[in-house]
Every structure is written in structure tokens, then in C-alpha cells.
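Open the model in your viewer and keep the selection tool ready. We will go stop by stop.

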Amino acid sequence: MPFLAAYLEQGLGMSAALIGLVLGARNLSQQGLFILGGSATDRLGPRVVIITGCALRTVGFALFAFGNSLPLLLGASVLTGLAAALFYPAVRTYVAFESGDRKAESFALLNVYATIGSLMGLLLGSVLFLTDFRLCAVVAAAAFGALTVAQALVLPTKGDPPRGPSATVLGDWREAFCNRRFLLFSFSTIGMFTMENQLYLLLPEGALAASGWKGSAGVLLAAGALANMLFQLRITRALQRNGGGTRWISSGLVVMGLSFLPPLLVCGGGSPGGTDEVVARMTVMVAGSVLLFFGIMVAHPTVLEMVPMFGRESLTGTYFGLFYVFSGLAATAGNAVVGRAMDFGERTGLWWVPWLVCLAFGLASAASVALLQRGGMLPGLPVPSGAPVVEGPVVAKGSGGAVVKRAAAPVVPVSPSGSQAAGTPVPGREAAAPANDALRPHDPARLPAPSRATDEASDQPPR
């Protein structure tokens, strides 16, 4: 995006208004169409949508390389944004389907590769931009073209879920929008995306102010990327061994918020006095950046793991799409708040204001997730004693009994004779069904997973 803005201004001589129009078209098409990408994933399968997204990116970057009129540039912006809106939900849905009961590890590994790719792209783009933006766009188009062909040839076709009886896209959207637990969780994680985005806004500005070195932002990103590559999987596996990542989301958000405290030690000290002071200040800034990455490593994979658990399996793409709509809006609004705080601090001399704003985002988000956890509103967790139980309809009948499902609570068989009270665990039965819901010989009925609503067509017990 910075390369594109500079090219439009310096290479094509566009006004600020037209540059804003081109960049805005890209952001609007991406953030606003994530929900369409999610629905397409549910109805066409993630593999088709992944390949389509890569193909659209190829065309979009080719237009950037060879188009110099406003209509072509707007078309390129829309295509690249639409490609991201298709690609992101589809990839996350594919990973969720293929990873079985190791979703957190799989999303952690996806995070590692995304970090590596972002760092490589930043370095390669910086080199290419020294030559010509058109060359940069041609290389990007070639890369996505190669990925399109490779995925069409080797991406396995398995992993698409069976479609349930849901009839319309609007019905799918209505179901997701009316999922109160999912909406509360999405809004509770707003702080996470706001803080992540400060890797490209507040932290680079702080590092430049502290060190006076224009290359300081790259050092922060490189240090964080190295930490991510070395520790992401280790952290995720350790959390899985210690009660699962769900209970650690709030802790990760707190760590992300606290990462904005170390820069307070060096950002307001004026220009550095020499090389030793530059090194000392950069050490502090790197510590804050790495701490932010550690918080992301704790919280982010588990957040992605939980998103599809709020709804039916056949709506996994829709839930991911809606979640990314919320995250995009949160990042935009959060950046606006932090940007205003930065302007206010520069104008009044209260340079520490934006750093405390980011700390407040982290603590507020952590507190919100903790409240949802205590209230039994997060999937995969037992309902605490005395917590209100969300809807509990009978979802299946068969073999002389009925299966009662409660949101975020174990599924409990209730016998007609009333010998087992609703809400009381059955002795000897696991609180949560296996990930594949495999039937056992002694099971009178198939028990749906306790963490998500069921697809009626595929989860009916044998009669």
C-alpha cells in the first residue's frame, strides 16, 4: 500500500483525492466483502475459493503493472481487495476442516508462515521499489500466478464439509448475525487487532523518535518475526498441555497491552546523544516489539480456533468472513483512535498518551474475554456454577431418549424416566464428544460436539 501510494503520486502525478479513492476502493472491497468470501467458501468449498482468490490477485497486480488510467487502477484495487476477501476466510476454513483436533497448532503454524511471508515480502518489495513500481507489480503477479497453478494442481480436494439444509445466503448471514455469543466474542477481541496494527503505525514512529534511525522499524519487525518462528509452535503446544489455549486468551491480551510500556522509557527523551544511546534505546524498543509478538502468539491461534466453534460446521466460512469484517473495522477504527492520540500527544507535548491508549485497548479486551469465560459464553468451556444457561432445545430423539444441547456446556442425555436430571453429567461419559463424533457400539445415539450448534442433516442419530 505505501509503494502504491508513492507510485500514484510520483509516477502518475495523481492528486491526493484520487490516491485516496484508489486506496479506499481496495480497502472497501476487502473489508466489506469478507462475508461474501465466507459464504462462497461454504457453498463452493474452500479449495475453489482459494484458487479463485489467487487468480484474481494475479489479474489485479497485472492491471497495476500495465494500467495507468483511473478506471484500470480502480479495477485493479477492487480485484486485489476482492481476492483477499475470498482468500482469507477460505484458507482459515480449509485449515479448520483439515486439522481435526489440532486446530490451534495448525493456526499457529499458519501464523508462522504468514509472518515469514510478510517479512520476505517487505524485504523484497523494498528492493524492487528502488527500481520501479511496475516491476514490483509484475513480480507480485507472477508469484500469485505460480501459486494459482500450484494450488490447482496439488491442493487436496478433500476437506469440504457436507452442506446442511440451509437454503439461502441471507439465512446464513442472519443466523451468524443473531449469534449473540459470537458477536460478543468478536467485539471482545477488537483490542487484539488494534494492537497488532501498531506494528505498522505507533511502534515505527516510536522507534524513529527514540533512535533517529529510519531503518529502526525493520529491526522491530525482524526481531518479532524471528521470535515468532522460534517460539510460536512451542508456546501453542505448551498451552495445550496446560488446560488449552482458551483459558489463556486473556493472558495473551494482557501481555500485548503491557508491551506498550517499555517504549515509555525511551520515546520521550529527545534525540539520542550517541551510538551507545541509540543501541540502548533500540534494545528497549525491540523488547516491546517482541513482547507484543509473544502476546499475539498466545492469543491469536486460539482465537482463530474458536471462531468456527460458535456455529454449525457448514457455516464455518461465513463465521470466518464475518469475523474478518469485524476485525477489519476494528483495525480501522482503532488506528484512527491511536492516530488521533498521536496527534494530540505531539500537539500538547503529552507524547505518552498513545502508548497508554494501546495499553487500555489490551486491558479492556482482556477483561471482556475474561467476563465471557466466567459467564460460560465461550465454546469448549464448562458453564460455571450458577451461570445462566443459554438456549437448550432438544436437537435429536432416538433410542428411547433425547439429547439436550446447551450452549458452551456438555451435551447431556436425558432418559424418559427422569433418572438422569438435565444438566447433570452422566457418570463415565466424557464431558465433550470426540472431534470426529465417532459412534461407539454402546452409544444409543450420536452425540454432537458440545461446542458448536449442529447441522441437522448430518448429525441426526440412527433411528
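**Stop 1: an aromatic cluster**

Select Tyr-7, Phe-61, Phe-64, Phe-133 and Phe-144. Together these residues form one aromatic cluster. Keep in mind that you are looking at a predicted model.

Cys-136 sits in helix H6, which covers residues 133-154. Is Cys-136 buried or exposed? Its relative accessibility is 14%, so Cys-136 counts as buried; the cut-off for buried is under 20%.

Which residues does Cys-136 touch, leaving aside neighbours within four places in sequence? Cys-136 is in contact with Phe-3 and Leu-128.

**Stop 2: the whole chain**

Zoom out and colour by secondary structure. How many helices and strands does the chain have? There are 15 helices and 3 strands. The chain has 463 residues, and 47% of them count as buried.

Look also at how the chain meets itself. Take the contacts with a separation of 6 or more: 73% of them join residues 24 or more positions apart.

**Stop 3**

Select helix H8, residues 180-188, and helix H14, residues 316-348. The two helices pack at an angle of about 40°. Their axes are 10 Å apart. The crossing of H8 past H14 is right-handed.

Show the side chains where they meet. On the H8 side, pick Phe-182, Leu-183, Phe-185, Ser-186 and Phe-187. On the H14 side, pick Tyr-319, Leu-322, Phe-323 and Phe-326. What kinds of residue make up this contact? There are 8 nonpolar residues, 1 polar and no charged.

**Stop 4: ring pairs**

Stay here and look at the rings. The structure holds 16 aromatic pairs. Select Phe-182 and Tyr-319. Their ring centres are 4.8 Å apart and their planes stand at 75°, so this pair is edge-to-face; planes over 60 degrees apart count that way. Phe-182 belongs to helix H8 and Tyr-319 to helix H14, so the pair ties together parts that are 137 residues apart in sequence. Both Phe-182 and Tyr-319 are buried.

Now select Phe-185 and Phe-310. Why is this pair called tilted? The planes of Phe-185 and Phe-310 are at 35°, with ring centres 5.2 Å apart, so the pair is tilted.

Phe-185 lies in helix H8, while Phe-310 lies in the loop between helix H13 (275-306) and H14, so the pair ties together parts that are 125 residues apart in sequence. Phe-185 and Phe-310 are buried too.

**Stop 5: one face of a helix**

Select helix H12, residues 249-258. Which of its residues are buried? They are Ile-249, Ser-250, Gly-252, Leu-253, Met-256 and Gly-257. Turn the view to look down the axis of H12. The buried residues fall within an arc of 160°, so they line one face of the helix.

What covers these buried residues? The cover includes H8, helix H9 (190-197), H13 and helix H15 (353-374).

**Stop 6**

Follow the chain into the loop between H12 and H13. Select Gly-268, which lies in this loop. With 40% relative accessibility, Gly-268 counts as partly exposed.

Gly-274 is partly exposed, at a relative accessible area of 30%. Its C-alpha atom and that of Ser-211 are separated by 9.5 Å. Along the chain, Gly-274 and Ser-211 are 63 residues apart.

**Stop 7: two residues in H13**

End in helix H13. Select Ala-287, which is found there. Ala-287 is at 41% relative accessibility, so it counts as partly exposed. From Ala-287 to Gly-224, C-alpha to C-alpha, is 9.1 Å.

Then select Ser-289, which is in helix H13 too. Is Ser-289 buried or exposed? At 0% relative accessibility, Ser-289 counts as buried. Not counting residues up to four places away in sequence, Ser-289 touches Leu-199 and Leu-220.

Note on methods: Residues are numbered from 1 along each chain as its sequence is written. This is a predicted model: local features need pLDDT of at least 70, side-chain atom pairs count only at pLDDT 80 or more; totals for chains, interfaces and linings use all residues. Side-chain values use heavy atoms; hydrogens and water are left out. Axes are lines fitted to C-alpha atoms, for helices over the stretch in contact, and angles run from 0 to 180 degrees between N-to-C directions. Helices (H or I, at least four residues) and strands (E, at least two) are DSSP runs, numbered from the N terminus. A crossing is left-handed if the near helix is turned anticlockwise from the far one by less than a right angle, and right-handed if clockwise. Contact means heavy atoms within 4.5 Å. Ala, Val, Leu, Ile, Met, Phe, Trp, Tyr, Cys and Pro count as nonpolar, Asp, Glu, Lys and Arg as charged, and the others, Gly among them, as polar. Rings of Phe, Tyr and Trp (its six-membered ring) pair if their centres lie within 6.5 Å; planes under 30 degrees apart count as stacked, over 60 as edge-to-face and the rest as tilted. Buried means under 20% relative accessible area, exposed over 50%, partly exposed in between (1.4 Å probe, protein chains only). The arc is that of the directions from the helix axis to the C-beta atoms.
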